[in-house]
Amino acid sequence: MTYISPTTVPTYTDPNRTVRRGQTLYYAGDAAPSLYRLESGLMRAVRLTPQGRNLTVRHIRPGDIFGEECLHGTTRGHQVVALTDAVLTPIHPQHLSQGELWDLTRSLSHQLQRMMTDGVHIQDGDLRERIARYLLNLADSSLGGQHPDGTRFVRATHELIAEGTGATRESVSKLIGEMRDDGLLNPAYRCLTLTDEAGLRLLSGYHG
């Protein structure tokens, strides 16, 4: 589902929009009339590779401002999908104050630094290490949660993990089975319990 821009130009204080889990906010090639600020939830930007696989190139977290194609007058470069129910505010740069423009600059700079770190995480180490790293990262996001005993879990499919680690779903499923046998994870339907988080951190080299 693609949201169509309103016929009148809204201001920075436009009513928030809600995007349900699994819905698409916009697709690559769509017009880019505005920025967005994510108020709550978790979203991701997805790009289709030449091999026909989706690759997660960016996670969008609460407070992030995205959709920067509108600053260049180009169409959308990625598909943006909600990983959880998400609330966003449309932002039109021409209505921003000097202070709000500074907030925009800081948000984009922070996201660039995070994307560079995520890029290293995807490319560095074998797939088992990258899966551990990615799960620990997601555990700190809106996809993470905690069981009554304090053990953390991540609501994620094997396909989502594959797209976030630059791998195939089959390879991810095989390694998650091995990590379960090693006592690191307890997989269930769309949920992975981090049964040995210390072991996952040791495996991944994650220090966040």
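Residues are numbered from 1 along each chain as its sequence is written, and side-chain values use heavy atoms, with hydrogens and water left out. Because the model is predicted, local features need pLDDT of at least 70 and side-chain atom pairs count only at pLDDT 80 or more, while totals for chains, interfaces and linings use all residues.

## Strands and their pairing

Helices (H or I, at least four residues) and strands (E, at least two) are DSSP runs, numbered from the N terminus. Two strands pair if DSSP finds at least two bridges between them.

An open sheet is formed by 4 strands in the order β1-β8-β3-β6, with antiparallel pairing. At its edges stand β1 (17-19) and β6 (65-66); each has a single partner strand, so one side of each is left without a neighbour in the sheet. The partner strand β8 (residues 86-91) meets β1 over 3 bridges in the antiparallel sense, and Thr18 has Val87 in β8 as its bridge partner.

| Strands | Bridges | Residues facing each other |
|---|---|---|
| β4 (43-48) and β5 (54-60) | 6 bridges | Leu48 and Asn54 |
| β2 (24-26) and β7 (79-82) | 2 bridges | Tyr26 and Val80 |
| β4 and β7 | 4 bridges | Arg44 and Val81 |

The hairpin of β4 and β5 has 5 residues between the strands, and there Gly52 takes a positive phi near 85°.

Val81 lies in strand β7. Buried means under 20% relative accessible area, exposed over 50%, and partly exposed in between (1.4 Å probe, protein chains only). Val81 is buried because its relative accessible area is 12%. Along the sequence Val81 and Met43 are 38 residues apart, but their C-alpha atoms are 5.6 Å apart in space.

## Helix α3

Helix α3 (residues 158-165) is mostly covered, with 6 of its 8 residues buried. These are Leu160, Ile161, Ala162, Glu163, Gly164 and Thr165.

## Pocket and cavities

Lining residues have an atom within 4 Å of a point. Grid points are joined across faces, edges and corners, and a volume is the space filled by probe spheres set on the points.

The largest pocket has a volume of about 430 Å³. Its lining has 19 residues, of which Arg21, Arg44, Leu83, Thr157 and Arg190 are the closest to its centre. Two or more lining residues come from each of β4, β7 and α3. The largest pocket lies between domain 1 (17-121) and domain 2 (127-204), because both give residues to its lining; the domain bounds come from an automatic or database domain assignment.

For residue classes, Ala, Val, Leu, Ile, Met, Phe, Trp, Tyr, Cys and Pro count as nonpolar, Asp, Glu, Lys and Arg as charged, and the others, Gly among them, as polar. The lining of the largest pocket has 7 nonpolar, 6 polar and 6 charged residues.

There are 2 cavities of 30 Å³ or more in the structure, and the largest cavity has a volume of about 50 Å³. Its lining holds 5 nonpolar, 2 polar and 3 charged residues. Among them are Tyr26, Ala45, Arg58, Ile60 and Val80.

## Arg190 and the cysteines

Arg190, one of the residues closest to the centre of the largest pocket, is found in the loop between β11 (186-188) and β12 (191-193). Its phi is near 55°, a positive value in a residue other than glycine. Arg190 counts as partly exposed because its relative accessible area is 43%.

The structure holds 0 disulfides, a disulfide being a pair of cysteine sulfur atoms within 2.5 Å. Cys70 counts as buried because its relative accessibility is 17%. Cys191 also counts as buried, at 16% relative accessibility.

Notes
1 Å grid on protein atoms, 1.4 Å probe; cavity = no way out; pocket = protein on both sides within 12 Å on 5 of 7 lines; lining within 4 Å.
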